[in-house]
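Visitor: Please take a close look at a single part of this structure. I would like one connected account of it.

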Amino acid sequence: MAIKVQIPTPMREQTGGKAEVEVAGGTVKAALDDLLRQFPGVGPKLFDNGKLRPYVNVFVNDEDIRYLDEMDTKLTDGQTVALIPAVAGG
Amino acid sequence: MTDTNPLERYSRQMRFPGLGKAGQEKLLASRVTLCGCGALGTVLANVLARAGGGFIRVIDRDVVEPSNLQRQVLFDESDVANNLPKAEAAAVKLRAINSAITIEPIVADINRTNIEDLCSGADLILDGSDNFEIRYLINDVAIKHNKPWVYGGAVGSQGMCMTIIPGETPCLRCVFEAAPAPGETGTCETAGVLAPAVNIVASYQATEAIKLLSGNKQAVNRELISLDVWENTSKRMKVAPLAGRKGECPCCAKRNFEWLDGAHGTQTTTLCGRNAVQVSHRAKGKLDFAYLASVLKQSGEVSYNKFLLKFQLVENGDPYEFTVFEDGRAIIKGTSEPDKARTLYAKYVGH
């Protein structure tokens, strides 16, 4: 089993339409590095000069990584990483 | 109505143990400022007016258009035909629904110069807007003046909402520190929107409003709700421990009200004699023209070079031409009204 990364709608053009991508990695950082290796187009959507864009949140099993160990948050196989950007319309 | 008991109309919700007569009376004595009366806002106003929210100030800068009718539940074809401002059209419907409460329609562009006045006296601020500029302004005002507010957003089949209680929950900037730069996220014009997604988000928001206004703060949802009606997902994300983000949040921890102070957001300048308005955006970073063009080509003619992007569209028979620069600034031809230009900017370039 691998780590699952849930891809939000605005980034799916960069993942070939995939809503969920399997990656490998022991931390959030390693998992996202693997995501970018598989789908380089996601990079600029997610990061700006190496920093996570301020309107995108990363959750591991529904908990904000800022409450865990940020990008160093440990992951184990089978866990889900969700990328959640702010929703603007209304 | 001919009821002898004015509370009879609320009997079904008063029978709900969480509310009761005491909760209903608090609701009737409450005051709400509703920022924006589009898709989210009409659902919010409809629910609150029926529930007996005693005073509802409804603010919106736009006029009812045919493309609103698919999801903006208070409007109909006659409002379009009569070219009515949304706030006024909503007030007519809301008063017909419940004549025992007070509706105050205000046709205005919410900005940093008027938002504190518009929210003064309110027990709660509701987000019925369609852009982050207004949401960050609401967040600043709410934290500054210690008022709760409820964020909601919807685009495509997705939606999100969160309740902010100053001093108790994280604020909007704890969770989303900065607004997406113009063009970086979809808007309802560029990505489309399904009415049920908006209805569900606004219904969550309205429930939170009823809890807060009836004295049931303990029942408030303190997590971020994120849902997608097409993909059948609904999550509650734990953000509660972020309150004040360990002393780092610029707004609720450091009390720097950057949007209210004008450090962020848009500014408009009417370009005399040109039937054009310049909308400036104080955003960091550069626009990605290739991406913005791919989004806008669904709505009109787009072309771009290294320096600028041109976008032409026809809306309700009126032609407009956008010239967008790399820093997010745009000159919008086809109007001399700053409010219209802001609306067009928020719709197509977005926040």
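Guide: Helices are DSSP runs of H or I with at least four residues, strands are runs of E with at least two, and both are numbered from the N terminus. The model is predicted: local features need pLDDT of at least 70, side-chain atom pairs count only at pLDDT 80 or more, and totals for chains, interfaces and linings use all residues. Residues are numbered from 1 along each chain as its sequence is written, and chains are lettered from A and ligands numbered from 1 in the order in which they are written.

The part to look at is helix 7 of chain B, residues 132-144. At 1.5 Å a residue (multiplied by one less than the number of residues), its 13 residues should span 18 Å, and the end C-alpha atoms are 18 Å apart, which agrees. Of the 13 residues, 12 are buried (20 or more other C-beta atoms within 10 Å of their own, against 12 or fewer for exposed and partly exposed in between, with C-beta atoms placed from the backbone), so helix 7 of chain B is largely enclosed by the rest of the structure. Among the buried residues are Phe132(B), Glu133(B), Arg135(B), Asp140(B) and Ile143(B). After helix 7 of chain B comes Asn146(B), with a positive phi near 55°.

For contrast, take Ala22(B), which sits in helix 2 (residues 20-28) of chain B. Ala22(B) has 11 C-beta neighbours inside 10 Å and therefore counts as exposed. Its C-alpha atom is 36 Å from that of Pro85(B), 63 residues away along the chain.

Elsewhere in chain B, the axes of helix 3 and helix 10 (residues 195-213) come within 9 Å and cross at roughly 40°. By class, the contact has 13 nonpolar, three polar and no charged residues.

Key. Axes are lines fitted to C-alpha atoms, for helices over the stretch in contact, and angles run from 0 to 180 degrees between N-to-C directions. Ala, Val, Leu, Ile, Met, Phe, Trp, Tyr, Cys and Pro count as nonpolar, Asp, Glu, Lys and Arg as charged, and the others, Gly among them, as polar.
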